[in-house]
Amino acid sequence: MDAKSWIIIISGVGLGSYLIRSAPFVIGRKVKFPPLFLDWLIFISIGIMAGFISKTLFVKGSQLYFGDFFVQASALAIAVLFQLKFQKILLSVFLAVLAAMIIKVLLG
């Protein structure tokens, strides 16, 4: 994929995520949402992050790639754990990439 495609994809996902997460607060002034629904909104960012990271880690070209499965799975687990803890997608992705690089260096 070229840079233009990535910019369109990231912009579209960002806009969609923003609209999904902000709509309940705009509409919520008139309608009361159950707490379970508001808690569910947390998982939208985790789903978006998982989509970005899994594509980055497990797809090479147009095929699934599991050559460095331990490194890939470790980076994904770290990203998900940081996302659950801090609720910041950019920080989670950065730390996952950093962890993958450190693990690759340590394993040689």
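Ala75 is buried, with a relative accessible area of 1%; buried means under 20% relative accessible area, exposed over 50%, and partly exposed in between, with a 1.4 Å probe and protein chains only. Keep in mind that this is a predicted model, where local features need pLDDT of at least 70, side-chain atom pairs count only at pLDDT 80 or more, and totals for chains, interfaces and linings use all residues. Residues are numbered from 1 along each chain as its sequence is written, and side-chain values use heavy atoms, with hydrogens and water left out.

**Around Ala75: helix H4**

Ala75 has its place in helix H4. Helices here are DSSP runs (H or I, at least four residues), numbered from the N terminus. Val71, Gln72, Ser74, Ala75, Ala79 and Gln83 are the buried residues listed for H4. Seen down the axis of H4, the buried residues fall within an arc of 165 degrees, so they line one face of the helix. That arc is taken from the directions from the helix axis to the C-beta atoms. Which exposed residues does the face of H4 turned away from its buried side carry? They are Phe70, Leu81 and Lys85. Just after H4, Gln87 takes a positive phi of about 60 degrees.

**Helix H5**

Now look at H5, where Ser92, Leu95, Ala96, Ala99, Ala100 and Ile103 are buried. These residues cover an arc of only 140 degrees around the axis, which puts them on the same side of H5. On the other side of H5 you will find Leu90, Phe94 and Val105 exposed.

**Helix lengths**

| Helix | Residues in helix | Expected span | C-alpha end to end |
|---|---|---|---|
| H4 | 18 residues | 26 Å | 25 Å |

**Helix H1**

H1 covers residues 3-27 and is where Ile20 has its place. H1 bends by about 30 degrees at Arg21, and a proline, Pro24, follows within four residues. The bend at a residue is the angle between axes fitted to the seven residues ending there and the seven starting there. Pro24 is buried in H1, as are Ser17 and Ser22. Pro24 and Ala75 are 51 residues apart in sequence and 32 Å apart in space, C-alpha to C-alpha.

Tyr18 also lies in helix H1. Is Tyr18 buried or exposed? Tyr18 is exposed, with a relative accessible area of 56%. Its C-alpha atom is separated by 9.9 Å from that of Ile44, 26 residues apart along the chain.

Ile20 is partly exposed, with a relative accessible area of 43%. Together with Trp40, Ile42, Phe43, Leu81 and Leu84, Ile20 forms a nonpolar patch on the surface, with about 600 Å² of accessible area together. Helix H3 (42-58) and helix H4 (69-86) are the elements that give two or more residues to this patch. Patches are made of residues with over 30% relative accessible area and no salt bridge: like charges are joined within 9 Å, nonpolar side chains (Val, Leu, Ile, Met, Phe, Trp, Tyr) within 5 Å. A salt bridge is a side-chain nitrogen of Lys or Arg within 4 Å of a carboxyl oxygen of Asp or Glu.

Methods:
Accessible areas come from the Shrake-Rupley method with a 1.4 Å probe; for residues, only the protein chains shown count as cover. The expected span of a helix is 1.5 Å times one less than its number of residues.
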